[in-house]
Each structure stands twice: as C-alpha cells, then as structure tokens.
Amino acid sequence: MTTAAFFAKIRTYAELSGEAEQAWASLLRPRHYRKDENFVQAGTVPTTFAFVVEGLLCQHYVGRGGDLVIKYFFPENRIGASVSATMLREPSLFTITAIENSHVLEYDFAAFKALVYTYPDIAAFYIAYMERHWIIEKEPVEIAFRHDDAMQRYLDFIRKEPHLHKRLKQHHIAAWLGITPE
C-alpha cells in the first residue's frame with residue numbers, strides 16, 4: 001500500500017521536509033479491516049491512529065438504553081482514532097469499526113508524538129489538523145445538536161457529506177444524528 005495518498009493529504013495541512021516525511025513514513029504500517037471488524041474496542045487502551053486509504057470506519061458506543069450512538073465517521077483521507085483515550089493512555093469509551101472493507105495506514109501515536117517534538121513541520125501539521133477537525137469543524141456540529149431539529153441536522157449532513165451519506169445505511173445516519181431511523 002502506497003503512502004502517496006497519505007502524504008498528499010498531510011500536505012493539505014502543512015508542508016513536510018523530506019527528512020520529516022521519511023521519519024513519519026517509517027512508522028506507517030498497512031492494515032486491512034474486514035467489514036464489521038474493530039480497529040479500536042471500547043474498554044481497551046488504544047495506541048495507534050489509522051489513516052483511511054480506502055473504506056469507512058465508524059466511531060460509536062452503546063447508549064444507556066442499548067441504542068447505538070455514532071460519534072464520527074472516518075472515510076477515505078481521514079485519520080481515525082479514539083483520540084482522547086490514546087492521548088491519555090486510558091481505556092476508550094468508543095469502539096471504532098470498519099463498516100466497509102477498509103485499507104488503512106496505522107502508526108503508533110507515542111512514536112508520532114516524538115516526531116512532533118523533533119520536526120517543526122510535523123508539529124505544524126498536528127496543530128493545523130487539530131484546529132480544523134477539533135475546533136473549526138466540531139463547533140458548528142455541537143451547536144446544531146443543541147439548536148436544530150432532527151430534520152435540519154439530516155439536511156445539513158446530506159449537504160456537508162454528499163458522498164458519505166449515500167454509503168451509509170439509514171440506521172447509521174440515525175445513530176449519528178441522534179434520531180430514530182424512521
């Protein structure tokens with residue numbers, strides 16, 4: 001599995017020196033997850049992140065009433081992880097499952113963090129990635145869940161993710177939006 005798609009995506013956040021790219025490339029391990037296979041199991045301490053080359057991962061947990069609650073989808077060109085649990089070295093509250101056969105490039109988070117401290121360009125990537133996905137993208141979603149009704153959240157999801165919603169089953173979309181499939 002080539003790293004070209006991985007580094008093309010990384011460069012949308014920050015330029016990397018050849019040395020930094022080579023150091024990060026040495027951490028990448030290709031993996032394949034079959035549909036319904038877990039990348040992260042709730043209750044375990046995750047140690048790796050996964051860049052989705054092909055396929056689709058879903059981060060989820062089971063709610064108090066036994067209902068599926070989806071936190072996030074990781075399609076191609078996204079980095080999937082139970083981030084807080086990995087950073088804190090604590091058991092994950094979430095399971096991350098392949099909902100399609102998926103090819104990923106995994107890397108050890110602790111080794112990656114060592115690169116962040118060694119290479120300023122990898123640190124620049126890390127900051128830009130976190131800002132975009134953990135602040136800029138996340139804030140409107142959090143507001144919508146408090147303010148918008150289910151229909152508006154559904155319409156916004158289709159508008160923002162026109163290709164992704166076609167790949168999902170109705171129960172996946174409902175579990176992400178916090179509504180019933182009906």
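Before anything else I wrote down my burial scale: buried means under 20% relative accessible area, exposed means over 50%, and partly exposed lies in between, using a 1.4 Å probe and protein chains only. With that scale I looked up F125, which counts as buried at 1% relative accessibility.

A note on what I am looking at: this is a predicted model, where local features need pLDDT of at least 70, side-chain atom pairs count only at pLDDT 80 or more, and totals for chains, interfaces and linings use all residues. Residues are numbered from 1 along each chain as its sequence is written, and side-chain values use heavy atoms, with hydrogens and water left out.

**Entry 1: rings**

I counted ring pairs next (rings of Phe, Tyr and Trp, the last by its six-membered ring, with centres within 6.5 Å; planes under 30 degrees apart are stacked, over 60 edge-to-face, the rest tilted). The structure holds 21 aromatic pairs. Y13 and F125 make one that is edge-to-face, with 5.5 Å centre to centre and 90° between the planes. Y13 sits in the loop between α1 (4-10) and α2 (18-25) and F125 in helix α5 (residues 120-136), so the pair ties together parts that are 112 residues apart in sequence. For the names, I noted that helices (H or I, at least four residues) and strands (E, at least two) are DSSP runs, numbered from the N terminus. Y13 is buried too, with a relative accessible area of 11%.

I then looked up Y107 and F112, a tilted pair with 5.4 Å centre to centre and 55° between the planes. Y107 is buried at 1% relative accessible area, and F112 is buried at 1%. Ring pairs link a cluster whose members include Y13, F49, Y107, F112 and F125.

**Entry 2: strands**

My rule for pairing was that DSSP finds at least two bridges between two strands. Strands of a sheet pair through backbone hydrogen bonds, either parallel or antiparallel. Here four strands form an open sheet in the order β1-β8-β3-β6, with antiparallel pairing. Its edge strands, β1 (29-33) and β6 (79-80), each pair on one side only. Six bridges join β3 (residues 48-54) to β8 (residues 102-108), and F49 has Y107 as its bridge partner in β8.

**Entry 3: charges**

I searched for salt bridges (a side-chain nitrogen of Lys or Arg within 4 Å of a carboxyl oxygen of Asp or Glu) and found that the structure holds six. E106 pairs with R31, the closest N and O atoms being 3.6 Å apart. This pair links strand β8 to strand β1, 75 residues apart. E106 counts as buried at 9%, whereas R31 is partly exposed at 36%.

Another salt bridge joins D156 and R159. They are three residues apart in helix α7, about one helical turn. D156 is buried at 14% relative accessibility, while R159 is exposed at 56%.
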